[in-house]
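Please have the sequence and the coordinates open while reading.

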Amino acid sequence: YTEDRACNDEDHIYVKLKFRVVERHDAPVVSITSPSPTTEVSESTDITYTATDTETDDSNIKIDLFYKKATDAVFTITQGGKPNSGTLTWDCSSLTDGTYIVMVKGSDDGVPKKSGYDTLELEVNNPNAPALTIITPGEDEELTHQDEMTIQWQATDEEEDDANILIDLYY
């Protein structure tokens with residue numbers, strides 16, 4: 001906005017005002033509703049949230065999902081610019097076990113763009129594959145298709161009863 005005011009009087013100074021009017025608006029309000037804090041998760045889990053904005057249609061809010069190990073300083077984005085659906089699926093299957101912080105961030109379409117976020121601490125405990133050791137035949141043992149052989153192995157699982165391990169044999 002520019003306003004010019006001139007005075008005819010010699011005792012007054014010519015004034016020119018120039019300023020920009022920016023409409024004040026608030027950031028979206030984001031709240032993670034599920035799962036509960038410190039819940040143990042594995043493989044993947046649904047993160048349920050609400051994201052609302054009093055000045056725009058909630059469907060205009062874009063959602064980003066971030067995570068970081070609790071001991072790390074920097075978040076990693078895993079999903080960006082998603083529609084405001086209320087649920088995101090976090091795939092944590094490739095992460096090492098430990099405490100993680102998940103952040104859901106909602107950004108509006110205002111000028112300037114504003115963002116709100118909420119965080120949640122979760123315990124990742126992904127299942128480990130059983131350990132399998134072939135005892136016989138030995139690694140360097142030569143076999144022919146006519147040989148009858150006995151295959152011996154040992155399988156252990158840190159998380160399950162060893163008796164429940166199923167082994168598929170392919171030849």
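A residue is called buried under 20% relative accessible area, exposed over 50%, and partly exposed in between, using a 1.4 Å probe and protein chains only. The model discussed here is predicted.

Begin with the loop between β3 and β4, where Thr38 lies. Thr38 is not a glycine, yet has a positive phi of about 65°. Its relative accessible area is 49%, so Thr38 counts as partly exposed. This loop between β3 (29–34) and β4 (40–41) also holds Pro35. The peptide bond that leads from Ser34 into Pro35 is cis, with omega near 0°.

Past β4, the loop between β4 and β5 (44–52) contains Glu43.

Which strands form the open sheet, and in what order? There are 5 strands, in the order β4-β10-β9-β6-β7, and the pairing is mixed. At the edges of this sheet are β4 and β7 (76–83), each of which pairs on one side only.

Within the sheet, consider β6 and β9. Strand β6 covers residues 62–69 and strand β9 covers residues 98–107; the two pair in the antiparallel sense over 8 bridges. To locate this pairing in the structure, find Lys69, which stands opposite Tyr100 in β9.

Notes: Residues numbered from 1 in each chain as written. Predicted model: local features only at pLDDT ≥ 70, side-chain atom pairs only at ≥ 80, totals over all residues. Heavy atoms only, no water. Helix = DSSP H or I, 4+ residues; strand = E, 2+ residues; numbered from the N terminus. Pairing = 2+ DSSP bridges.
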